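Reader: Hello! Could you take me on a close look at the place where the two chains meet?

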Amino acid sequence: MSDLQTGHDGSSSVKVRARNIYKVFGDEPERALKMAVAGEAKSDILAATGCTIGVDNASFEILSGEIFVIMGLSGSGKSTLLRLLNRLIEPTSGSIEIGGQDITRMSRRDLITLRRREMSMVFQSFALLPNRSVLDNVAFGLEVSGMAEGQRKDKAMAALEAVGLTPYAHSRPDELSGGMKQRVGLARALATEPGILLMDEAFSALDPLIRTEMQDELIRLQAESSRTVVFVSHDLDEAMRIGDRICIMQHGRIVQIGTPDEIVSKPANDYVRSFFRNVDVSQVFKARDIARKSRLTIIERHGVSAASALRQMERSGHDFAVLVGRDGRYHGMISQDLLVEKLRGQAADPYREAFLPEHHPIPAAEPLSNILGRVAESRWPLPVVEEDGRYIGSISKSSLLETLDRAG
Amino acid sequence: MKLDFSIGQGADIVVNYILDNFTPALDAIAATIGFVANGVQDLLVAIPSLAGIVILTLLSLWRVGWKFAVFALLALALVEHMGLWRAMMQTLALVLSATLIAVVLGIPLGIAMARSQRVAGLVRPVLDLMQTMPAFVYLIPAAMFFGLGVVPGTIATVIFAMPPMVRLTNLGIRQVHPEYVEAGLAFGCTPWQLLFKVQLPNAMASIMAGVNQTIMLSLSMVVIASMIGAGGLGNHVLTGIQRLDVGAGFEGGLAVVVLAVILDRITQSLGKGGSGLFRRLSLRSAAASPAGKSAGG
Ligand SMILES: Nc1ncnc2c1ncn2[C@@H]1O[C@H](COP(=O)(O)OP(=O)(O)OP(=O)(O)O)[C@@H](O)[C@H]1O
Ligand SMILES: [Mg+2]
């Protein structure tokens with residue numbers, strides 16, 4: 001999830017670039033395509049030609065290392081869009097670049113190589129081959145690409161270990177529970193070490209608890225070795241939980257692409273809004289989303305004397321200040337009153353002595369729902385820090401209430 | 001009437017044309033089929049009846065179960081007692097070689113049908129024809145092309161018994177869960193890899209049902225095949241009919257039924273991957289092993 005930021009300053013590279021792709025199902029693709037390009041609606045095209053528009057002029061970019069969730073109602077074209085990316089479904093028109101290569105113009109042979117090396121897939125009903133053991137299922141992709149038996153078994157074993165299923169290597173798929181089967185599906189997809197993981201409603205067949213567990217597992221595996229994940233889901237909570245960006249489809253068209261909070265706070269139309277009617281915003285927003293830097297004075301600890309810090313605070317009218325190191329890391333929070341007191345007392349390290357007691361920072365990725373209590377109880381604004389300890393801003397009672405009110 | 005006459009004449013011309021121009025090809029086919037059919041027959045007839053009974057009984061025990069094995073033992077002993085063992089082995093040889101040929105030809109044809117709608121469209125009416133055309137119609141040309149004996153008998157049997165092999169292979173492959181096929185393709189299977197690693201293994205139950213049906217249909221041809229000299233139990237039934245000897249005909253028929261029941265049960269079990277005593281034993285040992293598979297639930 002932390003790749004989100006890099007994605008936004010454009011420092012992260014584009015992994016998949018789709019331009020104006022259309023998919024027409026039916027016997028008269030040419031005529032239907034013309035109508036679709038002219039902007040006619042899916043239902044009109046179906047009535048006129050008998051062809052179904054699966055995907056209608058989709059253009060998007062997927063960044064390297066992000067989890068890109070495709071969401072929409074049933075029949076909106078999610079699975080079709082996903083299968084266009086590995087050409088399990090042939091596009092009717094448009095181009096799809098993966099790592100700079102246009103796959104729509106690739107030969108069969110190159111396409112097979114691409115599927116073996118660069119991408120793999122996880123399926124809704126698992127699609128584990130029933131005639132093979134768990135281990136042989138996981139080794140399937142490697143076997144197909146011609147890897148020697150010993151080597152592929154080692155790799156498959158390692159992949160099984162990553163999903164915690166080593167003891168079941170020699171079981172048959174039908175001896176496993178649904179959640180375990182999908183772990184095998186995930187291991188099979190990871191074993192080939194693909195750059196892109198395509199997942200079609202991979203967790204939809206699992207019951208809610210197992211499902212959350214698998215989502216966490218995916219996020220964990222993603223954090224360990226950052227792959228690009230394209231994840232189809234019809235479940236908003238899931239999309240919010242795992243998605244760096246969400247792409248919303250309606251009748252084969254992409255209606256909005258954005259980060260979860262962009263989509264919640266600025267839905268493109270009523271269709272998008274309808275997904276959020278029952279959403280708990282405090283789950284959607286993370287601490288980093290509402291942390292603001294302007295509320296407190298920031299003082300670099302080394303090089304600024306306590307006296308000049310005090311003057312800075314007085315000038316900006318803030319009662320509190322945050323002390324950071326040269327690298328931007330959070331050191332502590334001080335109050336004006338305490339600092340004045342310590343300065344008078346000739347303390348050896350006035351900053352240290354002026355730190356507010358028991359005042360621990362909040363991790364940036366924490367959902368608001370988890371920090372409501374702390375913010376409500378605290379007498380002071382709460383600092384928010386990134387995983388690496390960098391200070392990114394603070395949250396006050398009033399700012400929290402404002403956010404909940406605006407989004408609700 | 002005139003039209004009917006010209007079609008009959010046309011068929012005559014075709015048969016004669018083939019006889020005149022394709023004798024080497026016909027000889028080659030006859031030699032191949034004769035090699036298979038006679039080889040299988042020599043092998044089976046050479047097995048002493050006692051050994052044969054033991055083998056079939058053990059097979060029944062392994063694939064079906066002990067009750068059926070007892071039945072098989074008694075029924076086979078009865079056949080031996082009626083003096084029909086050798087004839088039954090000849091018939092079994094005919095059935096097995098016809099089935100072998102039907103499998104070798106039928107599976108690739110079924111695969112081709114599953115892969116191409118056009119092939120399926122072409123082959124389907126031919127299969128319908130093979131199944132509905134009365135056997136006597138092709139018995140005559142078969143005898144003309146290949147003379148009398150085991151070879152034309154085998155060919156006639158193959159023509160009648162092969163269609164389910166082709167159909168069920170086609171059906172089995174088409175019915176493989178589309179997600180399995182997608183998984184195969186998504187992981188980079190070539191068409192051949194898809195066939196051998198995904199489609200055929202998952203179509204196996206259907207293909208084995210095809211083998212079973214082919215065997216059953218072959219058995220229903222034994223009397224007709226014996227009319228052109230294929231020999232075996234069919235001969236006994238046939239002479240029973242010709243001499244109005246109800247007893248002889250009944251004995252021959254009974255032996256055919258015994259063979260049919262045993263072959264049916266054994267081949268049915270192949271598609272299901274084992275049953276009966278041995279399966280229960282292996283399950284028991286799996287449950288006793290410390291691998292803890294039962295924790296999988
Ligand atoms: N092979 C096909 N032939 C004809 N129409 C198809 C085919 N596959 C999909 N469609 C149509 O394309 C449209 C998009 O289907 P798709 O399966 O991509 O939807 P989806 O968003 O994945 O839906 P779901 O949530 O039900 O899986 C639908 O109208 C569907 O009927
Ligand atoms: Mg779908």
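Author: Across the interface of chain A and chain B there are 2 salt bridges, each a side-chain nitrogen of Lys or Arg within 4 Å of a carboxyl oxygen of Asp or Glu. One of them joins Lys197(B) to Glu143(A), with 2.6 Å between the closest N and O atoms. Helix H7 (140-144) of chain A is among the elements that supply at least two residues each to the side touching chain B, together with helix H5 (108-117), strand S6 (119-122) and helix H9 (178-191). H7(A) gives the largest share of that side, 4 residues. Helices here are DSSP runs of H or I with at least four residues, strands are E runs of at least two, and both are numbered from the N terminus.

A word on how to read this: the model is predicted, so local features need pLDDT of at least 70 and side-chain atom pairs pLDDT 80 or more, while totals for chains, interfaces and linings use all residues. Residues are numbered from 1 along each chain as its sequence is written, chains are lettered from A and ligands numbered from 1 in the order written, and side-chain values use heavy atoms, leaving out hydrogens and water.

Back at the interface, the contact (heavy atoms within 4.5 Å) takes in 32 residues of chain A and 21 residues of chain B. Together the two chains bury about 2,100 Å², with 58% of it on carbon and sulfur atoms; this is the accessible area (1.4 Å probe) lost on putting the two parts together, summed over both.
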